[in-house]
Amino acid sequence: MFFHIEAGTVRAVDGVTLSVQRGQAVGLVGESGCGKTITGMSVLGLLQPPGRIEGGRILFRGRTDSQTVDLAGLDPRGDQIRAIRGAEIAIVFQEPMTSLNPVYTVGDQIAEAVLVHRRVTRRDARDQAVEMLQRVGLPQPHRIAGEYPHQLSGGMRQRAMIAMALSCDPCLLIADEPTTALDVTVQAQILDLIARAQAERHMALLLITHDLGVVAHMAAAIAVMYLGTVVECGPRNAIFSSPLHPYTQALLRSVPVLGRRAKERLSPVRGTVPDPLAVPAGCPFAPRCPEQMEVCCVRPSLQEAEPGHQVACWLHG
Amino acid sequence: MSAAQAPRLDPATLSRARVAQTDGPSDEERLLAAEEARIGQWRQVWRRFRRSRLGMTGLAILVVLYGAVVFAEFLAPYHYTTSFTEYVHAPPQRLHLGGAGLGLRPYVYDLTRGYAAQGLLRVYSPDTAKPIAIHFLVPGEPYRLWGLIPARRHLFGSPDGPVALLGFDRMGRDLLSRTIYGARISMTIGLVGVVLSIVLGAVLGTVSGYYGGTIDHLIQRFIELLASFPSIPLWMALAAALPPEWSSVKVYFGITVILSVLGWGGLARQLRGIVLAYREQDFVMAARCAGASDWHIISRHLVPGCTSHILVIATLSVPGMILGETALSFLGLGIRAPMTSWGVLLEEAQHIRVLTQYPWLVLPAVPVLLAVLGFNFVGDALRDAADPHGR
């Protein structure tokens, strides 16, 4: 999969180049408001109006034998994209509290997701829902299928959401901050569950998060986003051990690490994110960059700095 | 990655410690929750509803009134067209208990007619020499219950003479019987009308709220247009347009349609507001992400989410319909004789002369009052009980 998007007059996302291979987990990291979620939603063709995809391509190849489609070119209300949503590309949201309809039982809602895409009887769909609940590690799946969302804890609800996302056996799972709203104790379990499901089904996983710990745990490859563009992407170890972009370096310095000397202070990223209406013409990070140069008034493009490790910075161009 | 590049950060140190299963509430809480789940949504609503005293009072009133609707033929001592020509405009007979050699059986006195004011006024006085014993489950005028089952037993009545606990009207018909039969029209016209306006209001309100934009704008302006017409002249115009040769049943449905066509606007408005709130909910987005169509989202998420609201709005708008029918019939534009409704009965009490001389003719206003109060009580209690987020 490959995308390259620009959206809206406020260019919320501009020039995201990212690819997720089958069976690969890619982490999309960045500060709040940098366009991570919009990137995820545009893959599904679900930008809220007045947002729209101005240009670019989102290439998606579903099952091994099917053709590559450009999702950006599909009618967002059409049948073709609807057949892909949920069945081929599934998404797990940040808020398990509100992503389930309070008036239906959990089992009904998962069965409903199955019924939308598969020609099965209601009873089969229901059985499958129970099976999915069991697979995501919920105890007594039969009983939980008959419960309403408010009767479950946050962690259980997120498991149910994952069960729903996996129920149609998608090839790509987009997890949009799947653990942000959860208790710390539950976060690791949910991440584990997603990682296991991804490995078992040989799914592609796009993990959207602002939590570097989460990507370190989960993703084989990482893309770092800043102000709507991908500034650096590469294998996990390369990003963590030898980050090339000054933004990535600053981001990693701002994370507390066990074992680091107490005297060393955390250094927050200098300055603030510019107004999206007034994005700098050149490198978007230039105003905050400690190593700003003359050339930074021209926008750098993603260049291969090391094999498989790309960065959009003149230091490495 | 070569060993020479000393890792600045090791991914393993960043990853989180795994914690043992401490997921969710305790076992007891889970059991309680499971218990509630088994009970189901509507059982829970009922349980909360039962706690409301006013709501239960309203429900009791409605049960009694609809009981009268269902068993009108049995409950009414006479048919609504049966007239006693000797008893025109006779007042209610007082109910007596004990004495007159009848043991504990209740009885009324027969009325004898006299004239006053040089024969210009009929006056009735109880004839204590002629007690009429009231019998229960007494055979009387034959009827067909629900037009099917032939029967002749009435709840009460007397083989000895006419019994009219609410008095007689200008054609000597028993007002109680007519009020009971009138409930049939008045109490059902509200329900049928509300069902029609709910269909209209729910569809247009949901569509308006869900799609927004131009569609929303058009529908809302149309509702405003409807609401800005003064309602009584509009009713009158529409009612006058019903062909006079129509049968009473057709007129009945015609009136229902008029009332609901003019009444759906408010309902559509309220539903639009609710749908607007629901549309922004994450589960709607989640459904869209799962590939659900617009129709699927409307029918499976938005409308069921609004069911409790619809039910409440419906309950609260039945009184409006009942009053509308009463008003129309009161103006002589609604139900026509020989059918009867509370409005038709009240029409007879229009003139001040009638009111001063035969005040009992206003009694059909009492069931109107009760019905309106009953529906309002039930609607209020239901609103408190049915909110799915109320817990």
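Reply: A crossing of two helices is left-handed if the near helix is turned anticlockwise from the far one by less than a right angle, and right-handed if clockwise. The crossing of α6(B) and α11(B) is right-handed. The model is predicted; local features need pLDDT of at least 70, side-chain atom pairs count only at pLDDT 80 or more, and totals for chains, interfaces and linings use all residues. Residues are numbered from 1 along each chain as its sequence is written, while chains are lettered from A and ligands numbered from 1 in the order in which they are written.

Me: What makes up the contact between α8(B) and α9(B)?
Reply: B:Ser231, B:Leu234, B:Trp235, B:Leu238 and B:Ala239 of α8(B) meet B:Ile255, B:Ile258 and B:Leu262 of α9(B). This contact has 7 nonpolar, 1 polar and no charged residues. The helices, α8 (residues 231–240) and α9 (residues 248–279) of chain B, pack at an angle of about 145° with their axes 10 Å apart, and their crossing is right-handed.

Me: How do you know that β2(B) and β3(B) are paired?
Reply: Strands pair if DSSP finds at least two bridges between them. Strand β2 (residues 106–116) of chain B is joined to β3(B) by 10 bridges, and the two run antiparallel; the pair therefore meets the cut-off. Partners in this pairing include B:Arg113 with B:Tyr124 and B:Tyr109 with B:Pro131. The two strands form a hairpin with 4 residues between them, and B:Ala117 in the turn has a positive phi of about 50°.

Me: What makes β1 and β3 of chain B edge strands?
Reply: The open sheet has 3 strands in the order β1-β2-β3 (chain B), with antiparallel pairing. Each of β1 (96–97) and β3 (121–133) has a single partner strand, so one side of each is left without a neighbour in the sheet.

Me: How many strands form the open sheet of chain A, and in what order?
Reply: That sheet has 8 strands, ordered β8-β9-β10-β4-β11-β12-β14-β13, and its pairing is mixed. The edges are β8 (89–92) and β13 (303–306), each with a single partner strand. Within the sheet, 6 bridges join β11(A) to β12(A), which run antiparallel, and A:Ala223 stands opposite A:Cys233 in β12(A). In total, chain A has 10 helices and 14 strands, helices (H or I, at least four residues) and strands (E, at least two) being DSSP runs numbered from the N terminus.

Me: Why is A:Leu227 called buried and A:Asp169 partly exposed?
Reply: A residue is buried if 20 or more other C-beta atoms lie within 10 Å of its own, exposed if 12 or fewer, and partly exposed in between, with C-beta atoms placed from the backbone. A:Leu227 has 23 such atoms and is therefore buried. A:Asp169 has 13 and therefore counts as partly exposed. A:Leu227 is in the loop between β11 (221–226) and β12 (229–235) of chain A and has a positive phi of about 50° although it is not a glycine. A:Asp169, also not a glycine, has a positive phi of about 55° and lies in the loop between α6 (154–166) and β9 (172–176) of chain A. Buried residues make up 51% of the 317 residues in chain A.

Notes: Axes are lines fitted to C-alpha atoms, for helices over the stretch in contact, and angles run from 0 to 180 degrees between N-to-C directions. Two residues are in contact if their C-beta atoms, placed from the backbone, lie within 7 Å. Ala, Val, Leu, Ile, Met, Phe, Trp, Tyr, Cys and Pro count as nonpolar, Asp, Glu, Lys and Arg as charged, and the others, Gly among them, as polar.
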